[in-house]
Amino acid sequence: MRLKLSLLVVLMIGVLGYVHAQSEKSVWKDLSEVTYEIGEDEYGELYLPVFSDKIKSLEGKEVAAEGYIIPFEGMFKPEHIILSSLPIAECYFCGSGGPETVMEVMLSTPIEYTSKRVKVKGTLKLNKKDPEKLMYILTDAELVL
């Protein structure tokens, strides 16, 4: 009887863990709810992001994101990476994705480049004005194993 109860408890813990992992939705879906307006700076017109209320509610909070490190030849910095929600062939810089599919990630601990999918977590910062930066920036980030 005790063995059956123990097995039942272990099974329930496993099922609950699986359900929790499946219910953890991707932050990329929320970050895709951005529109743009035309603005101007000293160099001319530019598109400025208009963040949805859902995106604004994530600012300053810890979020996790899975994706691919975008390799910039001769420019890879292991503590400051660009993460794409899409594989390289489809990413914003190389293919068909939009600017909402990439984020800058400032890591607390440097990592090695990999072409495999990675998961990071950190504090989300929104960038509406600086054209030198991406609109999504993850600070104090770490690699999640």
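1. One aromatic pair is counted in this predicted model, where rings of Phe, Tyr and Trp (its six-membered ring) pair if their centres lie within 6.5 Å, and planes under 30 degrees apart count as stacked, over 60 as edge-to-face and the rest as tilted. The partners are Phe51 and Tyr136, whose rings are tilted, with 5.8 Å from centre to centre and 45 degrees between the planes. Phe51 belongs to strand S2 (residues 44-51) and Tyr136 to strand S7 (residues 136-144), so that the pair links distant parts of the chain, 85 residues apart; strands (E, at least two residues) are DSSP runs, numbered from the N terminus.

2. Phe51 is buried at a relative accessible area of 10%, and Tyr136 is buried at 0%, where buried means under 20% relative accessible area, exposed over 50% and partly exposed in between (1.4 Å probe, protein chains only).

3. Strand S1 (residues 34-41) pairs with S2 in the antiparallel sense over eight bridges, two strands being paired if DSSP finds at least two bridges between them. A hairpin of two residues joins S1 to S2, and Val34 stands opposite Phe51 in S2.

4. Ser85 lies in the loop between strand S4 (80-84) and strand S5 (102-107), and it counts as buried because its relative accessibility is 16%. Leaving aside neighbours within four places in sequence, Ser85 is in contact (heavy atoms within 4.5 Å) with Trp28, Glu66, Gly67, Tyr68, Thr101 and Arg117.

5. As to conventions, residues are numbered from 1 along each chain as its sequence is written, and side-chain values use heavy atoms, with hydrogens and water left out. Because the model is predicted, local features need pLDDT of at least 70 and side-chain atom pairs count only at pLDDT 80 or more, whereas totals for chains, interfaces and linings use all residues.

Key:
Helices (H or I, at least four residues) and strands (E, at least two) are DSSP runs, numbered from the N terminus.
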